[in-house]
Amino acid sequence: MKKLRAALRRFAGMFSRGRREEDFASELEGHLQMHIEDNMRAGMTAEEARRDALVKLGGMERTRQAYRERGTAPFFETLWQDLRFALRQLLKNPGFTITAVLMLSLGIAASVAIFAFVDAALLKPLPYEDPRSLVDVTESVAVLPHANLSYPDYLDWKKMNHSFRSLDVYTGTGYLLDTPSGVEPTQGLRVTDGFFHTLGVLPLLGRDFYSGEDLLSAPRTVILSYSTWQKRFGGRKEVVGQSISLSGMPYTIVGVLPDSFEFAPRNTVEFWTTMHAGGGANTCDLRRSCHGLVGVARLKDGVSIAAALADTKAIAQQLERQYPDSNRGQTAAVESLTDAFVGDIRPILLLLLAGAGLLLLIACVNVASLLLVRSESRRREIAVRGALGASPLRLARQFVTEGVLLVLGSSLLGLVCAVFTSQALLRLIPKDMLVHMPYLRGIGMNFHVVCFAAAIAVMAAVIFSLTPIVQLSFGEMREGLTEGSRGSAGVLWRKVGANLTVLELAIATVLLVGAGLLGKSFYHLLHVELNFQPDHLATLSVALPEKVYAKDEQVVAARRQLMDRIAALPGVTSAAATSQLPVTMNGNTEWVRFVGRPYNGEHNEVNERDITANYFTTLKTRLIRGRFFNADEDATKPRVVIINEAFAKLYFPGQDPLGARMGDTTLSTKSIKEIVGVVDDLRESSLDEKTLPAVYYPADQSPDVYFNLVVRTSQDENALLPTLVSTIHQFDRGIGTSEESTMMLNIDESQTAYLHRSSAWLVGGFAALALLLGMIGLYGVIAYSVGQRTREIGVRMALGAQREMVQRMIMREGGRLAALGIVVGLVCSLGVTLTLRSVLFGVQSWDVGTLAGVALLLVAAALLASYVPARRAASINPVEALRAE
Amino acid sequence: MGEKADVWQGTLALMVLKTLESMGELHGYGIARRIEQTSGDVLSLNYGTLYPALLKLEQEGAIVSEWGVSENNRRAKFYKLTRVGRKQIERETDNWEQTTAILARFLRGTEDPA
């Protein structure tokens, strides 16, 4: 306590040094005078009295020194001196300081901003209890590695497994909610009773679902999401126990989820209801062959994901033997919940982090070489200070202080930029996508990010302190005093600096190759064959209230009238409906079987879509054979089907599929349909996936209250959307509409396109900066070398060397470095791009065009960077050059 | 001039504090003189060493200082004991007495082995 207090006062004493010393001087003066007076009173002469007083006081200077040392903290005081000196040094060379700080903060900002994303998406665990033991559990089939579970399979998996402490399932659903402003379609999730318990989430208000509450026999209950509670129920606590109507059914509110709760794959869900398997018109739940559920499980202690997967696969195999009809080829998939939630962006984020890291490395290399040049020119100053008695340690400390100061300034600037950058990047993510990335919500300067930044800063500080210290090895110091002794050091620096430049150019090559490949891959993605014309198409989701349109005929009639009204709108050239919009996903599949062909129980899995008659003409998809559906083809007409070309190629190679008949796996009479047409491979899957064989059924032969509108207009499709909505509501106020969009937007803002575009742009940006920094580095090395060789060049010219020859000599030096850098870079990128394979689309990682283009670009950049100093070398006046030294 | 003893390591602070306790406020020169007088002029005190010691005591909070006017009208810095200082005297006096007592027992023991 006492010691601490003394230390603090000593530390504080550093800042009031001048005043305290003045004080002490007058205190000593008073002391002397009193002593002298006393001595004189005792009879001494004035001179004797003074001498005696001084002797008794001891050496005045030593007293002052002892007092001074006691008054302050000497370590901190030297540090303070060093800091002030360092600051003066940095301010004296604003060019150097600004360049170094800008380069470094650029590197820091880029890597910290990207790291913030990596941290949010990959490092921060899910907001659930012990997220490491949570896994995503699904079935898996040949065409879909993560296929949905069927309810009977789920029940068996739950009963038979030995790996899960608990296993629950969920599935999305839509509810029409009556609101004062009309009917609104809302999103719901049907879950089994233990869902929240498995996640380890407790409701904020009310209770979790009881065990057994998900059975059909139990009363219907609902838990609200926090935002729904706030938005629709005004955050009133009394809502618990109240009854609400969802799609015409009464539900009792039993709880409200906390604000912090999020569920990435279905984050727009407002109402969490229990499964009630088989309730209402829902027959899918009861069929083992109908797959609509996703499982989430908590592993037992000590059970690995691999063990759980093996366990689940074994159960799936057993079920396959038990139920060959429905479970043939159905195996299992178990992966960590984190992977399931953030899966596709992981490789891209890591790629970006690597890119930012390389940029940071280039920035560090550049700053280090700047420091080298500078320490070179300070050789004399260091030598003088050494000769005046500064210890090597003290001199080294000066460099450390300068390095730390530089890094500190850059880090602060870099951090501020990083905060803005990450916020800006966040704003670039489309809102619809951000909803499914709730983990990005709290992105910013948290503990991890600050630690990461601190680690970078420490690393940079070490590099920058060591660079000049190593450069000015202290043995050489005395040499610095003698004239013209910098020859050897100059050569040393040229070697180190030149190697650094090669490294820089190599990194720039790697980044440029990466950016080139990603750019090319994005181009391919956007130019993937859609087999329809995506422009001028408005899209909209429609939900008819099930209570009002309970019978199939009612749905068909309502849809026909609705489509007629829409088709009559001004500007609309054609309107159609489909169960699933194009360019969304492979999924909504069905198993098919052909009449008159041997069948071994194998599942022929194909995409299944229900469309209205003019769907293909609206999309402008080509008919290859046969015919399109007729407008009046409903349940009263023979059942027909149109297949895509992939289907024809796979199941009818070299045959004519028209007239062939197909049905479900049991060939039940009502499932038999005749193939009447073959269309082009309309892109149903997302852009980077293969389009599966697909079947199209007339929507009126299998009516559904949910469908998507696709409307082609001759005018601006965006302007049509409000008219569409109002037309539908004029028809029936009870119809829900949502997801108003356009086809172009759907494609442009699809997750695949977004991820490819953003990674191409970001890596491209890093590459451009790396190129710029690499050029600056090369320029610096060549310019410095010219400066060092002024005299030599002067001699050469005096001896008759031509200016062009000098210029060529300098250019050759730059060219050699650049060539080396490019070659090393190309070799490295060969390895690096192999890791890119998973994010590339339609491009080989060893793409000759890209590599050649990058090499050419770099050669041009290198020539430009060495041209300027070469010109300067060529314009050296030999007479002045020889006199200069 | 006879041989004078140097001030023992670590005792100067206690002497200063004790002086201030008995004399009240005092300036540096006064403290130095007083210590010498109290020792019966046996101790040789380098007056200069007193000042870092005073500064240390002040930093530790045992004393406080204030500018004032000396008895012969000179501007001087006066030092005064604080509560922390009084406690320190008690503690260090105890320590010192214990040490001397132990040492005394040893000295007696070697003189008189019985």
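Helices are DSSP runs of H or I with at least four residues, strands are runs of E with at least two, and both are numbered from the N terminus. The model shown is predicted, so local features need pLDDT of at least 70 and side-chain atom pairs count only at pLDDT 80 or more, while totals for chains, interfaces and linings use all residues. Residues are numbered from 1 along each chain as its sequence is written, chains are lettered from A and ligands numbered from 1 in the order in which they are written, and side-chain values use heavy atoms, without hydrogens and water.

**View 1. A nonpolar patch on the surface of chain A.** The patch is formed by A:Phe11, A:Phe15, A:Phe75, A:Phe76 and A:Trp80, with about 500 Å² of accessible area together. Its largest share, 3 residues, comes from helix H5 (residues 74-92) of chain A. A:Phe76 is in helix H5 and is partly exposed at a relative accessible area of 34%. Patches consist of residues with over 30% relative accessible area and no salt bridge; nonpolar side chains (Val, Leu, Ile, Met, Phe, Trp, Tyr) are joined within 5 Å, and like charges within 9 Å. Accessible areas come from the Shrake-Rupley method with a 1.4 Å probe, and for residues only the protein chains shown count as cover. Buried means under 20% relative accessible area, exposed means over 50%, and partly exposed is in between.

**View 2. The disulfide of A:Cys284 and A:Cys290.** A disulfide is a pair of cysteine sulfur atoms within 2.5 Å. The whole structure holds 1 disulfide over all chains, and A:Cys284 and A:Cys290 are joined by a disulfide with an S to S distance of 2.0 Å. The link is left-handed, with -100° about the S-S bond. A:Cys290 counts as buried at 18% relative accessibility.

View 3. A:Cys451 is in no disulfide either, and the nearest cysteine sulfur, that of A:Cys364, is 19 Å away. A:Cys417 is partly exposed at 31%, and A:Cys451 is partly exposed at 37% relative accessible area.

View 4. Rings of Phe, Tyr and Trp (its six-membered ring) pair if their centres lie within 6.5 Å; planes under 30 degrees apart count as stacked, over 60 as edge-to-face and the rest as tilted. The count is 26 aromatic pairs over all chains. A:Tyr128 and A:Phe261 form a tilted pair, 6.2 Å centre to centre with 45° between the planes. This pair links distant parts of the chain, 133 residues apart: A:Tyr128 lies in the loop between helix H6 (94-123) and strand E1 (134-140), and A:Phe261 in the loop between strand E8 (249-256) and strand E9 (271-274). A:Tyr128 and A:Phe261 are both buried. A:Tyr226 and A:Trp229 form an edge-to-face pair, 5.7 Å centre to centre with 65° between the planes. These two residues are separated by about one helical turn because they are 3 residues apart in helix H9 (residues 226-233). One aromatic cluster includes A:Tyr128, A:Phe261, A:Trp272 and A:Phe341.

**View 5. Two loop residues with positive phi.** Most residues other than glycine have a negative phi. Phi of A:Asp130 is near 40°, and A:Asp130 is in the loop between H6 and E1 of chain A. A:His536 has a phi of about 60° and lies in the loop between helix H18 (487-526) and strand E12 (537-543) of chain A. A:Asp130 is partly exposed at 42% relative accessibility, and A:His536 is partly exposed at 30%.

**View 6. Salt bridges in chain A.** A salt bridge is a side-chain nitrogen of Lys or Arg within 4 Å of a carboxyl oxygen of Asp or Glu. The count is 29 salt bridges over all chains. A:Asp632 and A:Lys637 meet in a salt bridge at 3.4 Å, N to O. For A:Asp748 and A:Arg757, the closest N and O atoms are 3.8 Å apart. A:Glu792 and A:Arg796 meet at 2.9 Å, N to O; being 4 residues apart in helix H25 (residues 790-798), they are separated by about one helical turn. A network of salt bridges links A:Asp153, A:Asp156, A:Lys159 and A:Arg288.

Technical notes: Buried means under 20% relative accessible area, exposed over 50%, partly exposed in between (1.4 Å probe, protein chains only).
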